[in-house]
Amino acid sequence: MAELHPDWTPDEAAWLAAVDKALKGAPRERLVSRSEDNLAIAPLYPRKAEASPRAGRPAGQPWKILQRVDHPDVETANRLLLEDLAGGADGIDLVLTSSANAHGFGCGAQDAAGFDRLFEGVYTDLITIRVDGGYESGSTLALLIGHAQRMGLDVSKLNIISCSDYVTKLVHTGTLKNSIPVLRKRIADLSRFAQAKGMRGPLLCADGRSWHNRGATDAQELAFTLATALHYLRDLDAEGEGGDNPASLISMTLAATADQTGTIAKGRAMRRLWAAVLEQSSLPQHHLHLHMETSWRMLTKADPYVNMLRGTVACFAAGVGGADSISVLPFTTACGLPDSFARRVARNTQTILIEESNLHRVADPGAGSGAIEARTEDLAAAAWALFQETEAAGGIVEAMVAGTVQKHVDAARTERSQKIARRRQQITGVSAFPNLQEGPVRVLSGEHLLLDVASSTLALPRPGEGSVMQAIFDALEQGATLTDIMASRPLIDEISLNTRMPQPERQSEPFERLREAAALTNPAGRTVFLAALGPLADFTARATWAKNFFEAGGLPVTGGAETDGIGAAVEAWRASGAPLVCLVSSDKIYAAQGAEAAAALSAAGAEHIYLAGKPGELETSLKDAGVSAFVFEGCAMLDILADAHRRLGLPVAAGTSGEGLL
């Protein structure tokens, strides 16, 4: 091969010529992939030299490392909190039971005494505290302010980000106890109360995780989060809150995934979109506090160590994308409450990216990258179009009441589920490269929390001039709990959705339900036998593939060894005692021996025979010989595995089969 001249620089024409040669006449469009939002992703982009950095974090300033505090036991939560802060966290993301993001757990501190114990030994004036109490974030904020005052701290000096978010409550439960005008009065109460106490940070949060964890695409997450933020801007404007800069009272949260370019573009696109909203609203530009959390949806319970890799890529992308603060979910989050080790790994993921990789040193590292700039622009344009559609429907709440938002999210979720069920979208450690011999990981004990029954009913005034929040603050100081506050809120013009949003689900759950069902109900290890035909070189690749295929459903595989002809393969199957058998070999061997082997297995008593590979023109003859199903990349994998469970006499867990989906 001739060596290239050291001064030779390939241009686009030369590259395209090389591409055409490699494609052998196939169209270049084969190299263009598509995102979930149907955005074109080219194989190569030129540098965008004219691009300038987008305003995000100040140049050289690292993002804040926030660690979730969500253990139900207050004593344990305090211990973990202190470990996190001593181990390098800049602050905490305090997730209460009432938060839609608690995923069944949540910090158990529900009253003033609980908060005093939770923050015992914590220098609250030196850390960032993100308050995620969901619908009751305002009341949670009151508990935190009360604790600070008892400690003699100046509330105005605290770095608090409060996350009141009633739109997420509507997404999560399908119901709001109050109409929008009443909720606006409550927001006004919260704003005036916080101002009177000296707090200056954000009070409202538009949370993209509520859409993401239910299946939304990146563009949908951006559009509906943006629409929520605009909805809160209107709430503040209607009540005259926020002065000339109501945007200062609003923060946003987005999910960071292992799609590195997509996550970088998502953070950059949101700042661009928010700047456009403020400009169109004739409001001053204000730095958006953008918090990003690694995706709960992408976490797996099976082979959880792979979550370390997912979390690292997601954190990297969130940091490069300009997030002000990041929470990395510990790698065992899908398995239960993470222990100290898993939490330390989550913290250190961020610390290494900041202290050793120095990701924060450059303002907007993606600026000028053709791929990142193109993805940002395309994503922003797609989100803006959907945002305008939502606004045309009357805003985010009206669009949800009408059911249009649900249709978008449900369609995206269904399309993704089909890809996952067919392994067109692989999940490492679950649908691809499963490991049935993996050991358990350590998690902490802790029951999923249900809200306590209210111990008392409070007479809360109607919202208006700040009196409600002050009444709540006084009640909490006198021993009331968050549950008491929730139970005491009057029902005023309830809002309900006719069509509920899909429930949050991790993408790997359908396969994991099969794995768990097999582990619990198949102690004898009823297996699938791989009947190999021909020499080793002909069947090894498909035998390896078929082993991964069946083990993704929790079904152990035996066989797969070279035998001396069809008769020997049939005898090996008989000796294995495996109820199911799968033929594995090359297309050439299938053409010569496939039908004969299937007929021999069928005559020997095999009631259900699989064949690894696409049958092509051999389909009719193979079926006539006894082959019941063909397994190949892109087949109805989840359905086939669920059917195998039934044939083995194993109970199929609810929701595992793709029936009606594929």
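Q: How far is the sulfur of Cys205 from the closest cysteine sulfur, and in which residue is that sulfur?
A: A disulfide here is a pair of cysteine sulfur atoms within 2.5 Å. The closest cysteine sulfur is too far from that of Cys205 for a bond, the distance being 4.4 Å and the partner Cys163. The model is predicted, so local features need pLDDT of at least 70 and side-chain atom pairs count only at pLDDT 80 or more, while totals for chains, interfaces and linings use all residues. Residues are numbered from 1 along each chain as its sequence is written, and side-chain values use heavy atoms, with hydrogens and water left out.

Q: How many disulfides does a search of the whole structure find?
A: Cys315 is in no disulfide, since the nearest cysteine sulfur, that of Cys205, is 18 Å away. Over the whole structure, the number of disulfides found is zero.

Q: Is Cys315 buried or exposed?
A: Buried means under 20% relative accessible area, exposed over 50%, and partly exposed in between (1.4 Å probe, protein chains only). With a relative accessibility of 0%, Cys315 is buried.

Q: Which side chains meet in a salt bridge?
A: The domain assignment, which is automatic or from a database, gives domain 1 (64-398 + 492-496) and domain 2 (508-648). Across their interface there is one salt bridge, meaning a side-chain nitrogen of Lys or Arg within 4 Å of a carboxyl oxygen of Asp or Glu. At 3.2 Å, N to O, the side chains that meet in a salt bridge are those of Lys301 and Glu516.
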